Amino acid sequence: MSDAKIPLSGVIGCPIAHSKSPLIHNHWLQKYGIKGHYVPMHVELDDLEATLRQMPKMGFVGANVTLPHKEAVMKIADRVTDRAKLIGAANTLIFREDGSIVADNTDGYGFIFNLHQQVPDWDPKAAPSTVIGAGGASRAVVASLLEAGVPEIRITNRTKARAEKFRQEFGKRITVVDWVEAGLYIDDAGLIVNTTSLGMDGQKRLRVPMDGLHAGVIVYDLVYTPLKTELIKKAESAGCTVIDGLGMLLHQAVPGFERWFGHTPEVDEATRQASLV
Ligand code: NAP
């Protein structure tokens with residue numbers, strides 16, 4: 001029997017049963033004939049540090065992290081990348097040979113890579129963007145839009161103070177818009193992104209008025225259950241270019257897989273289908 005190490009990875013959260021990450025990574029492991037395993041792991045906060053310290057000794061080369069541990073792992077990690085620091089949360093861990101833990105965030109990468117892939121002629125500098133929501137996912141989206149060169153980002157959030165914090169942290173290209181006035185900032189935006197959980201199965205509807213939607217605008221909804229949210233349907237009927245949340249989810253998985261299993265996976269229609277099982 002060979003004693004070559006079989007790389008292990010997985011996703012840590014609680015609850016974890018809903019996670020699509022095992023479907024995505026196991027699809028790629030099978031597609032590329034890689035001997036490795038990716039498993040869902042239910043870990044409570046009290047056990048998080050002990051679990052993470054034990055994992056490298058058990059053959060784990062890294063892990064994804066999901067709610068509610070995305071912030072807690074930053075305090076445990078031995079090194080936190082600049083982009084994870086900027087976003088304030090980590091979703092991808094790399095365990096180095098010596099057992100030390102590197103925490104990274106690939107959500108912004110997944111968001112922007114998917115946007116460029118879906119709309120290759122998108123010009124970030126051409127118009128302001130409107131971002132609805134100011135939670136963790138929004139931070140990743142805003143950081144990546146600023147890096148892409150968007151001249152102005154209008155942020156609207158139910159809890160205005162959270163949006164105002166963005167202005168303090170990300171600077172003067174951020175404009176804070178009142179939640180009740182958000183509908184007024186739709187018609188001249190080149191890109192509109194919903195980063196709230198509104199519109200998701202089991203959550204309330206997104207009530208921001210979208211009467212100003214028109215052809216030429218890109219509407220990107222981070223929600224992926226359902227794939228066709230009410231926002232996406234409205235945008236489609238107004239002639240907008242629409243992007244659902246699944247592409248971002250698939251692309252954010254790429255850097256981790258590449259690092260752990262040594263192969264750059266392709267995000268294609270088969271990957272989408274595998275994640276929808
Ligand atoms: P989060 O940090 O908890 O932020 C939630 C956001 O939704 C906040 O802006 C919050 O506003 C807003 N919100 C929640 N309930 C609301 C309500 N009833 N009325 C108005 N606003 C409400 O969560 P997150 O991690 O950013 O995730 C947000 C969404 O993005 C989720 O649906 C998640 O599944 C999705 N997501 C998708 C991807 C992907 O790859 N496609 C990646 C990450 C996240 P307040 O600040 O006022 O509470």
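**Entry 1: the whole protein**

I began with burial: 51% of the 277 residues of the protein count as buried. Buried here means under 20% relative accessible area. I note that this is a predicted model, and I read every value below as computed from that model.

Next I looked up the surface. The protein exposes about 13500 Å², and carbon and sulfur atoms supply 52% of that area.

I then listed the secondary structure, which comes to 11 helices and 12 strands. I compared the radius of gyration with the globule rule: the protein has 19 Å, close to the 19 Å that the rule gives for 277 residues, so the protein is as compact as a globular protein of that length. Along the principal axes, the C-alpha atoms fill a box of roughly 65 × 40 × 35 Å.

I also checked how far apart in sequence the contacting residues are. I took contacts between residues at least 6 apart, and 66% of these join residues at least 24 apart.

**Entry 2: the ligand**

I asked myself how many residues surround the ligand. I found 21, and the closest are Ala137, Asn157, Thr159, Arg162 and Gly245. I sorted the shell by residue type and got 10 nonpolar, 9 polar and 2 charged residues.

Gly136 has a backbone N or O atom 2.9 Å from an oxygen atom of the ligand. Asn157, which I had already listed among the closest residues, places a polar side-chain atom 2.7 Å from an oxygen atom of the ligand. For Leu222 I noted a backbone N or O atom 3.0 Å from a nitrogen atom of the ligand.

I also looked up how much of the ligand is covered. Taken alone, the ligand exposes 920 Å², and the protein buries 80% of that. The elements that give two or more residues to the shell are helix H6 (136-148) and helix H9 (246-252).

**Entry 3: helix H10**

I finished with helix H10, residues 254-261. Is this helix enclosed or open? I counted 6 of its 8 residues as buried, so the helix is largely enclosed by the rest of the structure. I wrote down the buried residues of H10: Val254, Pro255, Gly256, Phe257, Trp260 and Phe261.

For background, I noted that an α-helix has 3.6 residues a turn, so residues three or four places apart point the same way.

After H10 comes Gly262. I looked up its phi, which is positive, near 70 degrees.

Technical notes: Residues are numbered from 1 along each chain as its sequence is written. Side-chain values use heavy atoms; hydrogens and water are left out. A residue is near a molecule or strand if one of its heavy atoms lies within 4 Å of it. A polar contact is a pair of N or O atoms within 3.5 Å; within protein, one must be able to donate a hydrogen and the other to accept it, and residues adjacent in sequence count only if both atoms are side-chain atoms. Accessible areas come from the Shrake-Rupley method with a 1.4 Å probe; for residues, only the protein chains shown count as cover. Helices (H or I, at least four residues) and strands (E, at least two) are DSSP runs, numbered from the N terminus. Ala, Val, Leu, Ile, Met, Phe, Trp, Tyr, Cys and Pro count as nonpolar, Asp, Glu, Lys and Arg as charged, and the others, Gly among them, as polar. The radius of gyration is taken over C-alpha atoms; the globule rule is 2.2 Å times the number of residues to the power 0.38. Buried means under 20% relative accessible area, exposed over 50%, partly exposed in between (1.4 Å probe, protein chains only). Contact means heavy atoms within 4.5 Å.
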